[in-house]
Amino acid sequence: MTRSNKPRTTIVIFGATGDLAKRKLFPSIYNLYKKGQLSEEFAVVGVARRPWTNETIRDTVRQSLQGNDHAAEELEEFCSHFYYHPFDVTSKSSYHELNELLTRLESNYHIPGNRIFYMAMAPEFFGTIAVNLKTEGLTDTAGWTRLVIEKPFGRDYPSAYELNEEIRQAFDEDQIYRIDHYLGKEMVQNIEVIRFANAIFEPLWNNRYISNIQITSSETLGVEDRGGYYETSGALRDMVQNHMLQMVSLLAMDPPIRLTTNEIRSEKIKVLRALRPVTGDKVHKYFVRGQYGPGTVNGKEVDGYRNEDKVDPQSHTETFVAGKLLIDNHRWAGVPFYIRTGKRMGIKSTKIVVQFKELPMNLYFDKNDVMHPNLLIIHIQPDEGISLVLNGKKIGPTGETIPVQLDYSNDSVDGVNTPEAYERLLYDCMLGDATNFAHWDELELSWKYVDAISKVWETLPAQFPNYPSGSMGPEESDRLLSADGFHWWPLDTGK
Ligand SMILES: NC(=O)C1=CN([C@@H]2O[C@H](COP(=O)(O)OP(=O)(O)OC[C@H]3O[C@@H](n4cnc5c(N)ncnc54)[C@H](OP(=O)(O)O)[C@@H]3O)[C@@H](O)[C@H]2O)C=CC1
Ligand SMILES: O=C1O[C@H](COP(=O)(O)O)[C@@H](O)[C@H](O)[C@H]1O
């Protein structure tokens, strides 16, 4: 790896004492370090209110890496690059002191003023911090400065717009890296390759050959300790506005003319522009919401959502969403994209199933009434891979057809341990590659799409809870597909 692939950088983590930093960011930075993707000359500065010291943050980093395979000496060397700065987001002097620390570290580590500011604290501070970074001179360096913004980016279009305007006072669009961690997942990134590097798929990737596409992201966990946040969000804002619509865009976009950030983003944006808005009465026809009640998940009895910590016992917040999306363009007219996501479901799985249309005529009608449709399954997590379901001859004299499956699994490739989404995204940010981050135009369109749905849901209380924990969501979700003559493919299809 050449030096240009490992820019000398300081990473400033706002919210370094929090959960995200400990669970995702520290281990990701460590993995980059171990793989040699970080320059030896780097510094990480943790910022939060708690009166921690450099030693406290280094201890926390050590704890967060427990269970990782590492040599003690290597770990100590890694931790020595971590610094802590107690901070008040509204105090100018906090920014001045931080700037002094950064300047000192840049001199010690020969870092040419490259700074990543990572916003990992409550979203209400994102705008204030961004503006202060500019006004107090922290973006005024000899190198580049980039702002990484965690979700949620607003809670609807107006609040997202306001936040964006605030941030744009301080950073240009090309300096802003809005995280959608699904875009860092190995198999989400593979969607593009499967589509654009295989002659057998792209010619069929349209409404002549595909009957429907199903995207499921189901979780077995409930809201855990995030009840407070989730009450203001719900599954539509938490998962659909970002991760689910990002996957729809990647599946539906036209081939970009080049694999550059701008060309890819431009094609994804066209998909979001072509989404048929779901408004008024249509919301009940095209979207289903659910909330989990008590039940059994992985053999364990669990409470319903309304009994979770920091949740209103009468809450109308949805923990499940299924929807039918239509894309009004030549390629996709008439092809439903079904999405489904929920908490406390029977299985943890993110999967895409592309169902191809039937052949015009079934030559094997006397042996099989119905032929199994061809399926392309993209396994995103926890297993990573691709399956193709074809029809073959059943062994023996009957001449019947049976579905046969070709499987590729990332796990079966020797020595492959696919990087964590955060690891990949941090590295992209260091390299200045914003392809796998959300552009403002994508946020604008996706918020407007989901706002129309939440507007209707907010006016009409739901009959909650309407699915037991451990199930696959409310029955209406099945009816959404059966009304069109389809069904959700079981999540163990292609395993
Ligand atoms: N945790 C996760 O898995 C995920 C989190 N996110 C997003 O990441 C962000 C952080 O989440 P998470 O780590 O879970 O949150 P936590 O509540 O665990 O941490 C919040 C952090 O912000 C700091 N903080 C809070 N108020 C202030 C303040 N006034 N001045 C300075 N620091 C402050 C806290 O430290 P202190 O109390 O010491 O000041 C703490 O370090 C949120 O936007 C969240 O939505 C996104 C996806 C997943
Ligand atoms: O962004 C979020 O994603 C997680 C699910 O992520 P995954 O990588 O485990 O699929 C979800 O639990 C959380 O509520 C949401 O904020």
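**Charges over rings**

Begin by selecting Lys 185 and Tyr 182 in this predicted model: the charged end of Lys 185 is placed over the ring of Tyr 182, at 4.7 Å from the ring centre. Next select Arg 340 together with Trp 488, where Arg 340 lies over the face of the Trp 488 ring, 4.1 Å from its centre.

**Aromatic pairs**

Select Tyr 161 and Trp 440, which form a tilted pair with 6.4 Å from centre to centre and 55° between the planes. Tyr 161 belongs to helix H6 (residues 157-168) and Trp 440 to helix H13 (residues 440-459), so this pair ties together parts that are 279 residues apart in sequence. Tyr 161 is partly exposed, with 39% relative accessibility, whereas Trp 440, at 10%, is buried.

For a cluster linked by ring pairs, select Phe 26, Tyr 30, Tyr 33, Phe 42, Phe 78 and Phe 82.

**A buried lysine**

Finish at Lys 324, which is found in strand S11 (residues 320-325). Its relative accessibility is 15%, and Lys 324 therefore counts as buried, the cut-off being under 20%. Display the side chains of Lys 324 and Asp 484 to see the polar contact between them, at 2.9 Å.

Technical notes:
Residues numbered from 1 in each chain as written. Chains lettered and ligands numbered in written order. Predicted model: local features only at pLDDT ≥ 70, side-chain atom pairs only at ≥ 80, totals over all residues. Heavy atoms only, no water. Phe/Tyr/Trp six-rings, centres within 6.5 Å; stacked < 30°, edge-to-face > 60°. Helix = DSSP H or I, 4+ residues; strand = E, 2+ residues; numbered from the N terminus. Buried < 20%, exposed > 50% of the residue type's maximum accessible area, 1.4 Å probe, protein only. Lys NZ or Arg CZ within 6 Å of the ring centre and 35° of its normal. Polar contact = N/O pair within 3.5 Å; in protein donor to acceptor, adjacent residues only side chain to side chain.
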